[in-house]
Amino acid sequence: MEVFKNVLCPFCGCCCDDLEVEVDSNKIINVKNACALGRGKFLSIGEHRLLKPLVKVDGELVETDLEKAVEKTVEMIKNSSYPVFYGFGCASCEAIKLCLEMADLSGGLADNISVVCHGPTILGLQDMGIPSATLGQIRHRADLIVYWGCNPVEAHPRHTIRYGPLSSGRFVTGRKSRRMVVIDVRKTPTATMADVFMQVKPNSDFEILTALRALVNDLDLEVEEVDGVPVAKLEELADMMINAKFGALFFGLGLTMSYGKEHNIEAAIALVRDLNKKTKFVMIPMRGHFNVTGANEVFTWQTGYPFCVDFSMGYPRYNPGETSAVDVIARGECDLLFIIGADPCSHLPHYIVERLKNVKLVVLDPSITPTVKMADVAIPVAYVGIEASGTAYRMDGVPLQLRKVVDPPPGILSDVDVLNRIVRRLK
Amino acid sequence: MVNLVKMILVSGRSLEQGLGKEASKFSKRYIDVTAVCQLDPEDMSRLSIGEGESLRISSQHGSIIVKAVKSKHAPHPGVIFMAYGPWVNNLTSPETHGTGMPSFKGLEVEVEPVKTAERS
Amino acid sequence: MSGKLLIKNGFVFDPVNGVDGEIMDVAVENGRIVEDVRGTDVRVIDATGMVVMPGGVDVHSHIAGSKVNSGRALRPEDHYRDYEIRRPGLRSGVGYTVPSTFVTGYRYARMGYTTVIEPATPMLKQRHTIEELNDIPIIDKASFPLMGDCWFVMEYLEKNMLKECAAYAAWLLKALKGYALKIVNPGGLESWGWGRNVRGLDDNIPGFNLTPREILRGLCKVNQMLNIPHPIHVHANRLGQPGNYQTLIETMDCVRDLYNGTKPVIYLTHCQFNSYLGESWIELSSGAPEVADYVNKHPHVVIDIGQVIFSSATTMTADGPFQFQLHLLTDYKWVNADVECETSAGVVPFKYKKRSYVHAIQWITGLELALLIKDPWRVFLTTDHPNAGPFTEYPRVVGWLISRKAREATMKKVNARALKRTMLDSIDREYNLYEIAIVTRAGTAGILGLKSKGHLGVGADADMAIYDFNPRNIDLSRDYKLVRRALRRAAYTIKTGDIVCVNGEIVKSTEGAILWVNPSVSQDLENAVVSDIRRRFRDNYTVEFENYLIDESLLINSRPLKIKGGV
């Protein structure tokens, strides 16, 4: 038996890098230090596996060989008038680079799944900037930690222990020396851990954030409550924020996905920015997939823009709402969707999935997903971070190495190897 | 009397959904967790619907029938919760308001119990 | 790269070898300068009537890494109007102040620059810096890890464990593929972890029993012990504050006694931002004469200017407290990015306006530094890209240096009160091309310890720039615009023997190397220090020790420099 140490978990944006994976005869038999989600991923890679490339013939998916699947993909990209390259939440940075090269070469569009998670965070950031930090700053210094519109206990299970209220740092040690606040529409399991839980109505975040900002700036509110929350409670929270030596705001899709979208984020940024005039305060988005942050980084350094990049004019253009995957599909503008590291048919609104019936689909995925079932070409790839190495970025932008601990099933290549074969023929 | 109530739908992640997703999106575990709707107990009595009974949820974009369960995270009257998955996608809005992001949370929906006869 | 090249009849400027505009041939084979090349396969470039120089070496330019990428992401408005269309063999991309990686490589090569240093990389995010450097084509590059406020460094210095500190620094440079020790606002970055700053060299750093002076002196000694080719690279305390020229001089002076008469011991970067006289913004004036006087009298110091260009800029430094102050001052958007146990960083967009009193003082201060410091081997041309302006505007700076007339043309448009309160107008000095070659390549390569760069002697890397103007037919001072145009678009740029640019167009994209140093440390000492670091690593960082290291295989084109001596 072989034990791999310091393995990065390819599940969520926490990118815990202290996993110990026990392997026997190329089979993962145990995973230590991981949460249930990470452990589940390592132990279930053999299930529902896509093992052979599939090509649609007369409406039926039939098995083929890699060579033919690559050939078919190259032909489809070459014949496409506007291909969209989409996904990347579960792909390595190396794979993302190759997809951007394809988009550049073919004059298509490249977009990543942040467009349906923290895209509004990026839009807010582009309007306002963002006062942020790496997670270790919070572990070492934060005496106040606020989770807003996120539920780490269920979505990022080790967050509170490694980086949050339960962590122990140089200047602040352990849960007792920190205050924890949760703001959400339901009393989630995370909320039950908090010192203060403030329940808000759905779609009221903008008002609450703005009211808090007013209070932080010593303004009086001429009302008794804001969208159902008593002003006294908001005052209490504002005081906690001002009096913290180092405060941290973690925010999730509760802010980005509900009414107001990027305006909610702008209100949160404005609040934290103003708090920095009184104390030290930082904020970090709770990124979902393990390398969605990396997708934003690679997109940005190669094209100047974090997502929604259109190459149809021969250079990178950016205008979310126009050059975003969901909008392009909704308007029926793309004729080929190339997907890697994502399962849009399970995650996008049904209306969009319906539109995909008129679009050619190429999917690279390790397992059989609803998107694979709809595909015109599906190519199996290794699980990156388990069967292939690469680079990923944690939610706070810390780059880390994805390690290979077992070989993929026979005949299955990494996504980078498959993409290299495609790109070589496109040039 | 038609028991049709306006509610706000929030979709999101849950631990079970995350585990089910990794097992497979065709697994019973994933279906069991994504084809249910969590309601506030008061709302359930208002709708006269019991645990495990069927519920129709309709939005501007579609309509689904899922199982109603009592929320463990109550009270949240007027707010229903579903895990991300193929069911809730039928309701979510493709409108991105110029941001690229569809509306997954805070969606206005209408909720009504489904009579046994209708279901079969 | 094995190709043979002969550059004939150019006016060669090669200050390292004392060549000042003589008409000479330069021969290239296998990517190196050689005595002569023969054979039918020699490609001849007729450089008659043109200027031939070693490839430009930029010693301080923020081109890669997490804060640069934050700047890119923050500023779509920076890119909209400045883009490059994809051409066969080349990638598309965007500018302007924070260009995408491919465009960064192309634009440097277009100006005849072949080596560029990214001067500030947080160690925890070094993998990001390397990934971007890999994606910058053509040019050679290196990065300086931000070590000044690193906890391990501060802890060793606190306990006066210099040898251990040196071994740690050596290990870090080797393990993370860094090139030199960078210190930014010593003590100020750790203070910024609490939203505070230090006010001077002798302030105590919160949470540590240490002062900025002790960090500077400690790392200066460490640098000497390890024989690192580049001196400590310092962004001084109190950057961007009125009256800070005194702090700058104190910073220079605090390591004066460590100079042993051979090579400079401290490099002060973008000094324009640290050379302000006056108690407030209203009274602001140039402290350049005082700073220049100190530099002229003290050979242990080398500086670069950080010249302001009147244009849009994106300020980005590891100096978190400064960036926050700038945000408060301007109300422009603000990114803050503190890095655990190491550093902070901030990004704020900016625009330098001619009519602004303060901006005019900044412009004047930079030029005064360049013109009043007598020895061109100790003052270099930078814009602290993209802080004081984008690197693509270097030709404008050259214009101001070679031509009083060029300065007058700009002075006519800048804030008159600023001119009245400074002495720029009274300075007649004009650089000649020999001096320009020093401040843009020979001198910068020299201070970086890049022995095979910055000159055209036999054995040097065949990195060259050929500019299409005839220095004997024109008057630099009068015809500065012609020179500027020629510098913007090199007639030829040659990188490691490859012709990569012809008449300002990229004709070939190559992989530049990443340069890094590998200092010598005795095995016992290294083992002891690494095991100490490893033992305490989890206490400090949220990543594992093994995942902090950069394997050499990550570097597409790795060029380590083994250093003799050491501890």
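Q: What makes the 176 residues around C:Y168, C:M252, C:L268, C:I303, C:W363, C:F469 and C:Y548 a nonpolar core?
A: A nonpolar core is a set of buried Ala, Val, Leu, Ile, Met, Phe, Trp, Tyr and Cys residues joined through side-chain atoms within 4.5 Å, where buried means under 20% relative accessible area (1.4 Å probe, protein chains only). The largest such set in this predicted model has 176 residues, and the seven named touch the most other members. Helix α6 (residues 162–176) of chain C gives the largest share, 12 residues; a helix here is a DSSP run (H or I, at least four residues) numbered from the N terminus.

The model is predicted, so local features need pLDDT of at least 70 and side-chain atom pairs pLDDT 80 or more, while totals for chains, interfaces and linings use all residues. Side-chain values use heavy atoms, without hydrogens and water, residues are numbered from 1 along each chain, and chains are lettered from A in the order written.

Q: Why is the pair B:K25 and A:D343 called a salt bridge?
A: The term requires a side-chain nitrogen of Lys or Arg within 4 Å of a carboxyl oxygen of Asp or Glu. The closest N and O atoms of B:K25 and A:D343 are 2.7 Å apart, so the pair qualifies. The count between chain A and chain B is one.

Q: How do you know what area chain A and chain B bury between them?
A: Buried area is the accessible area (1.4 Å probe) that two parts lose on being put together, summed over both. For chain A and chain B this is about 3800 Å², 62% of it on carbon and sulfur atoms. In chain A, the residues losing the most are A:R186, A:M257 and A:K261, together 18% of what that side buries.

Conventions. Buried means under 20% relative accessible area, exposed over 50%, partly exposed in between (1.4 Å probe, protein chains only). Helices (H or I, at least four residues) and strands (E, at least two) are DSSP runs, numbered from the N terminus.
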